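Okay, everyone, thanks for coming. Let me put today's structure up on the screen, and then I'll walk you through it.

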Amino acid sequence: ISAGRTALRRIVPGVRAERGAGTGAGAGAGAGLRAEYDALIIGAGHNGLTAAAYLQKSGVNTAVVERRHVIGGAAVTEEIIPGFKFSRASYVLSLLRPQVIQELELKKYGLRVHIRDPASYTPMLEEGVGGNPPRSLLIGRDMEETQRQIAQFSTKDAQVSGAPPLDEVRDARNCKCGNLVQKTPSAGGTPAGQAAPVEGMDW
């Protein structure tokens, strides 16, 4: 992919005509830009950054461009309300595969994983009964407490005989999704109208 300085100036605000000059948004934006790249990633979201990291690691000269003043896409943390920071969209790491964390050495570059427990809180829009506050549903890693929470609404759902613990169901689901997203798409050989088999998938 060839990208002249004029084209780069359209994509990256602040890039000057001189090689290596520029004052784009964010540290180093526009600095060291070249006229030619092997690959150009449009959008510096978490998927774009991951793809660019693998390309660059494999020796492909790669550039990433982003129109926003911050990079990270759905994984961006921003101060939406003064004094309070929020994740714009990302709330779990179920699809961030351990393989990616290891291969890109993310912990070396500052990745820290905080276990979210409880995992969710759902208040009910109802009036309290008998002087009690309105009900709410709190789901966490403590399965007994989670069952007590569910029992407020359905004792049958909370105590289904023979059902696996909720954490086992969740882990199995994430494992199957992981097997799927790590598979290389089929390049052919599968008859039209049929899905290629995926190891570990039975649904």
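So, how much accessible surface does the chain have, and what percentage of that belongs to carbon and sulfur atoms? The accessible surface comes to about 15,000 Å², and carbon and sulfur atoms account for 55% of it. Keep in mind that this is a predicted model.

We've got six helices and six strands, and if you read along the sequence, the pattern goes α-β-α-β-β-β-α-β-β-α-α-α. The chain has 203 residues, and 18% of them count as buried. As for contacts between residues at least 6 apart in sequence, 31% join residues at least 24 apart.

Take Phe86, which sits in β4: its relative accessibility is 35%, so we call it partly exposed.

Last stop, helix α4, which covers residues 143-151. Which of its residues are buried? Those are Met143, Thr146 and Gln149. They lie on the same side of α4, because the arc they cover around the axis is only 115 degrees. And at the start of α4, Asp142 has a side-chain oxygen that comes within 3.1 Å of the backbone nitrogen of Glu144.

That's my tour, thanks!

Note on methods: Residues are numbered from 1 along each chain as its sequence is written. This is a predicted model: local features need pLDDT of at least 70, side-chain atom pairs count only at pLDDT 80 or more; totals for chains, interfaces and linings use all residues. Side-chain values use heavy atoms; hydrogens and water are left out. Helices (H or I, at least four residues) and strands (E, at least two) are DSSP runs, numbered from the N terminus. Buried means under 20% relative accessible area, exposed over 50%, partly exposed in between (1.4 Å probe, protein chains only). Contact means heavy atoms within 4.5 Å. Accessible areas come from the Shrake-Rupley method with a 1.4 Å probe; for residues, only the protein chains shown count as cover. The arc is that of the directions from the helix axis to the C-beta atoms. A polar contact is a pair of N or O atoms within 3.5 Å; within protein, one must be able to donate a hydrogen and the other to accept it, and residues adjacent in sequence count only if both atoms are side-chain atoms.
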